[in-house]
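Hello,

Here is the structure I said I would pass on. My notes on it follow below the entry.

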Amino acid sequence: MEFIYYFGDVFTPVNFALLLLGTIGGLVLGATPGLSPTMAVALLIPFTFQLDATQGLILLGAAYTSTVAGGAVSAILLKIPGAPANIATTLDGHTMAQNGEGTKALQLSFLSSAVGGIFGVLLLIFLTPVLAKWALAFGPSHLFWLAILGVTVIGTLDSKSVVKGLLSGCIGLWLATIGFDDIMGAQRFIFHDALGGGINIIAALIGLFAIPQVITMFAKGRRDDGTEVLQVQKHSVVEAMRALLKYPRAMFIGMSTGSIIGLIPGVGGQIAGLVAYDQAKKFSPEREKFGKGHPEGVIAAESANNAMVGPSLVPLLTLSIPGSPTAAVLLGGLLIHGIFPGSDLFDNHPDVAWTFINSMLIGQVLMCIFGLYVAGFAARVAQVPQSLMAAVVLGLALFGSYSVQSSMGDVYVMAALGIMMYFLERFGFSAAPLVLGLILGPIAESNFIQGSMIANATDGLGPYFLGGPLNLFLIAAVIASIAYSAWMEVRNRRYVSKEEIMV
């Protein structure tokens, strides 16, 4: 309970002002397509040079948590995920906005993010020693199978066909191989100079989600068919809280999934929302409503996104192992001030560690307050005519793609992937599985290569990758995931067939 003694330090004038600044700035940066939490934190590091270690970490931590939540704004209103962590939010959130429930979707996203975030930070406070030891149990073979499990999960994500979902994931895995091999340095599928460094995930994210939508909106032209301007229904915060309490299963799945995935070093929190969405869909009695504007989808995805924030810092603060790309940037923020995270961090610098963690706890509450306040105003973006919205979205897509590395090559890649996705969607393929394959590809490949090196020096590939209780458990989960997805598709087809016969 040592953390209680340092709560007062968060409310000193300078510290609290930095917490407010980081929270508000993080929401704005998160809602901007192309600015991921990692980029937002990296952009703020130069501003911490003149601050002490505690103040710098408060600013960076507040930006981290609120940027993850802020990404839901563009995901819901524009169908452009503010960050990879918000991919799953678009599946039901944008549909809710199209149905006039943009305010409700935003309110649910911020409330879910706050509950999930508080849960994750509490895990960071109370279970750090235990969780850190558990995280060490994951080696290259386990991380490889975990990535494969993620690929199999995509079979039911935003797709009516398991085969098409898996094929989309395979396309993403292939796209992940483009560039230079990390181990041998060999060129792979480099058809243009823009592909020399591989496909940037932010440029791909914008292209795959934004460009098909822009093309569709431009195709409608300026004609008034009565569907261009959407109505935004007013929705009170109290009603949003009641809706949140109506789906405790989705909240629990989101928090637990996000916490587990955030804890595992190297996996990355960007898949937390997708996995939580998939599991919430599988266990929901209303699974047929997912993808059509179901609140459960938003709750599961957003609670998982922020629940992973706290656990992702457990390996960093106790083992000096960043649990996510953003945690790696935070590690740099610590080292700049001469503080080395590890087992003695809480002994030598308890004021820095506990004040930082407490600020993240309070920052979740502030993020929720500010988010709920602007939800009603932000939702009115849905009322902008589509002819104008298409131009705005295209401008944001170009700006977001170019700003990642100041490279026109990323803009070309974004446009090419967007046009490809437009035609793939015409044949029933989905962007979400493709993006997940692109994200998980490097994780699976790098861990397989590392595991192969270890296996060749020990007992061989078979015993290393197929032996041990954790490997066997993950393999069983992969098989069960594929079998369950296939069974659900067959059952749904039989159900539809019976309804057609009755008609």
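Predicted model: local features only at pLDDT ≥ 70, side-chain atom pairs only at ≥ 80, totals over all residues.

Leaving out neighbours within four places in sequence, Ile357 is in contact with Val121, Leu124, Ile125, Leu317 and Phe346, where contact means heavy atoms within 4.5 Å. Ile357, Ile199 and Leu313 touch the most other members of the largest nonpolar core, which has 135 residues. A nonpolar core here is a set of buried Ala, Val, Leu, Ile, Met, Phe, Trp, Tyr and Cys residues joined through side-chain atoms within 4.5 Å. Buried means under 20% relative accessible area, exposed means over 50%, and partly exposed is in between (1.4 Å probe, protein chains only).

Residues are numbered from 1 along each chain as its sequence is written, and side-chain values use heavy atoms, with hydrogens and water left out.

The overall figures come next. The chain has 24 helices and two strands; these are DSSP runs numbered from the N terminus, with helices (H or I) of at least four residues and strands (E) of at least two. Of its 503 residues, 58% count as buried. Among contacts between residues at least 6 apart in sequence, 78% join residues at least 24 apart. The chain exposes about 21,100 Å², and carbon and sulfur atoms supply 68% of that area (Shrake-Rupley method, 1.4 Å probe; for residues, only the protein chains shown count as cover).

Helix H14 covers residues 295-307 and includes Ser303. H14 is largely enclosed by the rest of the structure, because 13 of its 13 residues are buried. From first C-alpha to last, H14 reaches 18 Å, close to the 18 Å expected at 1.5 Å a residue (the expected span is 1.5 Å times one less than the number of residues). Ser303 itself has a relative accessible area of 0%. A polar atom of its side chain lies 2.7 Å from the backbone oxygen of Ile299 and one lies 3.2 Å from the backbone oxygen of Ala300. Not counting residues up to four places away in sequence, Ser303 touches Ser112, Gly116, Ala250, Met251, Gly254 and Met255.

Helix H22 (residues 431-457) has 27 residues, which should span 39 Å at 1.5 Å a residue; its end C-alpha atoms are 40 Å apart, which agrees. H22 bends by about 35 degrees at Leu440, and Pro442 follows within four residues. The bend is the angle between axes fitted to the seven residues ending at a residue and the seven starting there. Ser452 is also in H22 and counts as buried at 13% relative accessibility. Beyond four places in sequence, Ser452 touches Leu461 and Phe465.

Thr216 is in helix H10 and is partly exposed, at 33% relative accessible area. The backbone oxygen of Pro212 lies 2.8 Å from a polar atom of the Thr216 side chain. The C-alpha atoms of Thr216 and Ala390 are separated by 8.7 Å, although the two are 174 residues apart along the chain.

One backbone angle is worth a look. Phe189 has a positive phi, near 55 degrees, and is not a glycine. Most residues other than glycine have a negative phi. Phe189 sits in the loop between strand E2 (187-188) and helix H10 (201-220), and is partly exposed, at 39% relative accessible area.

Regards

Notes. Polar contact = N/O pair within 3.5 Å; in protein donor to acceptor, adjacent residues only side chain to side chain.
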